[in-house]
Amino acid sequence: MRRGSRFVGYVSAPLRGLAPAGGFAGYVTAPLRGLALAGLALLGPPLLVVIFVGAHAGLPSPAFFVEHGRRLPELARRLAGRWGGVEIASPYRPAPPPPVRDPDGWHRDGDALFRSAFPPAYLARLRWIARDPATARDLAWLLLNPPIGGVLAGLAPALIGGGLAAVWSHRPAGAAALLLGLALGPRLLHLHARWTRVLLAPSSRRAPGRVAAAAGARAAAGARLCASVVLSGVAMVFAVTQVVAIGLMPARLWPETVLGSRRFVSWRRARIGAWTGVRIAEPYRPEPPPPDPEPDGSYRLGWGPVGTVHRTRAAALRARRFGWLARDRASWRDLAWLFLEAPVAAVLFAGPAVLIVGGLAGLCWLWLWTEALGLLTGLTWSPDDLLHAAVPGWPGLPAPVAGLAAAALGLAVAPALLRCHALLSRSLLGPTRAALLTGRVDTLTSRVDTLTSSRARLRDAQAAELRRIERDLHDGAQARWVAVGMTLGAAEGLIDRDPEAARAMIAGAKEMSVTALAELRELIRGIHPPVLADRGLADAVRTLAMDAPLEAEVRVRLPGRTAAPIEAAVYFAVSELLTNAAKHAAASRALVELRHADGVLTVTVTDDGRGGAVIGRGGGLHGIRRRLDGFDGVLTLSSPPGGPTVATLEIPCALSSPRMSTSSGKGSPTS
Amino acid sequence: MRVVLAEDVYLLREGLTHLLRAHDVEIVAAVETGAELLDALARHRPHAAIVDVRLPPGYTDEGVRAAIEARTRHPGFPVLVLSQYVEQIYARELLADGAGGVGYLLKDRVFDTGHFVDALRRVAAGGTAMDPEVIAKLLGGTSPLHPVASLSPREREVLQLMAQGRSNAAIAGQLYISEGTLGKHIAAIFAKLGLQATDDTNRRVLAVLAFLNHARPDPARPDPARPDPARPDPAGP
């Protein structure tokens, strides 16, 4: 808060003279305004509940409830300026701009892409609300304002009301209370406004002091400790569910419950790490690859010394998953942890949790409410009650003192206990030394499996390609050369007897050799396009763009060349994608982008066609995906009906020779 | 006519030498590499050069690069490029300077000796000889929005033959039409493509090739692939 406004607040306050800012009328209006402010304060907790429930319901948006909940603090700020003489600036950060559609049709939010503008706008507003420190301060104000602001605002009207009620029976005391209420009215309004400023003004950017930081850490630890108690109950529910599932339907139900438990336990691991700094690694073994069928279509799965033949793929998958989970020791260690969590929490956390919750909620909070209500209604008002509310078994001690002391004790031990719990949890939730080793071996094994199968696919594809080339040569060029030879032989025999017929035959032979050459050219183009060999990927793709029956623009950022097989795969993929764009999507324009960054070659083909493309089995796109498979490359496709279609190829590879290639549009000759 | 030949395959080099000699074309030098070609051109000052695309040492596009280099040193120097395959990108590069005297043919065209020698003479005289396959690719790579799409099938045929560099008489002969009818077709084509009509065959062919070569998207139409003109092209112009 700026010094200036504080100064203005003091000047306009009725401190220095009898007359408040509004003259003597101010003394009359101040209690009424105080009454209104006290009423406003009472609205805070119900509003907090509405915001809390509404934000967790999620619809229309958590931000929606918090945003509209800001109206009450805004009103309090305005009234603090108008009635209390303390100007409070609005502390909220500006709302985020609506999301902008990228040229490729996506809306970006961080690393996530969305077709529709709604999710990114939703997320942006959520972040805007959640990251604004004013949000938390607003909510704290809603909670704390009744006992503090409400008391400050309600004191004057309560004194006046009480005075009026008592003035007939206890004339001097009643009159004194009445006069005191009137005299203090403006002063209390000003104090109320200053209290309002504490939480509702823009927070200063100062880092919290040592004491405040330590208190904050203790408070967080206390809250987490209480949360852990609740979560230990959730853990017990998961544990019991698993046991019931084992009893009922081990093969079908149990794996589901294990996977569900794993999500909870993983989340708890992450929480424990964030709360205490004790990092716990995930101990789970990776899911094995799907089983390969036998020639007769059945599946054989061994487990220990015995095995089973499964008739269907679904049964085999179920059995494999059961075996995977049952043989992973982490599954059983998780289950043990889930069972032990509740007793451990009872031993470690129950005491401090009772101290904290009982001290703050049971003693302080309840006391505040009963006292405040008593004060406002004047029903059970007595100086004894106010100062010496009873603590069970300790009648002389004021309840709030006892409550604060108990809570402080609980909070003091909370961080150490949380850490103790984290270390205990790690002994069960972390990977064992043997599991770490096995995990590494498993990773390598599955990698080898992947490589073996992709190499086999590549080998098969190459063999098929060679067979195709052999067949094309055999049926095409080779057959034509044979025909050329035979025709020339026949012409040789005829040349003396019938020169005209011989000339016609020679012309026919020439024709055949031209056709044979054309076929060879096509064949070579399909094996390895000459322009790719001559000029590299960039110019070869430009050639494709020139040849395609649409306006294709090419943008290239490749500071070098990559391995020839990868270049060929990309070339044929772009060729296929451009053909699809022109033929199936009826596109009139396309944009081809090639770039290499962070060891990944990325190729994007965007067209303005009608979209709706899918990667169907046996189709051209599926062929591209299979071909990229051999290079660990991936093809992703976005093609909503109505377009645009965006196909993206990503291939991890290195570039050789630092030659910079630049982009060029269709039709501009490169140099 | 005196010609320098750059061809690395012995059989083809000898075959071309024999064939051309029979048609009163003198091969003053037969070389194997691009560098040797440039040397021979400086030494012999021939009327034209016949160049294979793939030459040692790299066996990639040395021939095209040597041809362009030769035409940079001697603007308009007639070069006939031969290849086992034709690519638009090379045709565009050879035609980029807008001067005549360029030929780009498949090696198969040599079989038709008469046409081949005719093409060589045309190139040596400053004309052009583009392979039908090149022209087909130039025309095939246009979108349905391109002005070429508005031509009638007959006009398209005429445009193809004209772009190959054929004379009016040759085109009329091949299509079995009178030269008067051909003139009308040509006038219609030039009107549809928005080109300036001219009587000089050579300049007319060059105008057509330049038009096809620089076929660009109309800047007046919005480009769906690039709706944001503020975004700079990552690779520059």
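Are H9(A) and H11(A) parallel or perpendicular to each other, and what puts them there?

Guide: Good one to start with. This is a predicted model, in which local features need pLDDT of at least 70 and side-chain atom pairs 80 or more, while totals for chains, interfaces and linings use all residues. Residues count from 1 along each chain as written, with chains lettered from A and ligands numbered from 1 in written order.

Look at helix H9 (residues 254-276) of chain A and helix H11 (residues 329-348) of chain A: their axes come within 11 Å and cross at roughly 65 degrees. (Helices are DSSP runs of H or I with at least four residues, strands are E runs of at least two; axes are fitted to C-alpha atoms, with angles from 0 to 180 degrees.) H9(A) and H11(A) are therefore roughly perpendicular to each other. (That label covers 65 to 115 degrees; under 35 is roughly parallel, over 145 roughly antiparallel, and the rest oblique.)

The crossing of H9(A) and H11(A) is left-handed, as the near helix is turned anticlockwise from the far one by less than a right angle. From H9(A), the contact takes in A:Val258, A:Ser261, A:Arg262 and A:Val265, and from H11(A) it takes in A:Ser331, A:Asp334 and A:Leu338. (Contact here has C-beta atoms within 7 Å.) Sorted by class, that contact of H9(A) with H11(A) has 3 nonpolar, 2 polar and 2 charged residues. (Asp, Glu, Lys and Arg are charged; Ala, Val, Leu, Ile, Met, Phe, Trp, Tyr, Cys and Pro nonpolar; others polar.)

Now set another pair beside that one. Helix H2 (residues 25-57) of chain A and helix H7 (residues 171-200) of chain A have axes that come within 8 Å and cross at roughly 55 degrees. That makes H2(A) oblique to H7(A). The H2(A) and H7(A) crossing is left-handed. On the H2(A) side, the contact residues include A:Gly26, A:Tyr27, A:Ala30 and A:Pro31, while on the H7(A) side they include A:Gly181, A:Leu182, A:Gly185 and A:Pro186. The contact of H2(A) with H7(A) divides into 8 nonpolar residues, 5 polar and 1 charged.

Helix H19 (residues 564-583) of chain A lies across S5, S6, strand S7 (600-607) and strand S9 (645-652) of chain A, and runs at about 10 degrees to S7(A). Helix H20 (residues 620-629) of chain A lies across S8 and S9 of chain A, at about 150 degrees to S8(A). In the loop between H19 and S6 of chain A you'll find A:Ala586. A:Ala586 has a positive phi of about 55 degrees, although it is not a glycine.

B:Pro57 sits in the loop between S3 and helix H3 (62-73) of chain B.

How far can you trust chain B? Its pLDDT (confidence per residue, from 0 to 100) averages 84, and 90% of the residues score at least 70. Within chain B, strand S3 (residues 48-52) has the highest confidence, at 95, and helix H10 (residues 201-213) the lowest, at a mean of 79. Over residues 216-237 of chain B, pLDDT stays under 50, and the model has 29 contacts there beyond four places in sequence. For the complex, the predictor gives an ipTM of 0.78 and a pTM of 0.50.

Conventions:
Two residues are in contact if their C-beta atoms, placed from the backbone, lie within 7 Å. pLDDT is the predictor's confidence in each residue, from 0 to 100.
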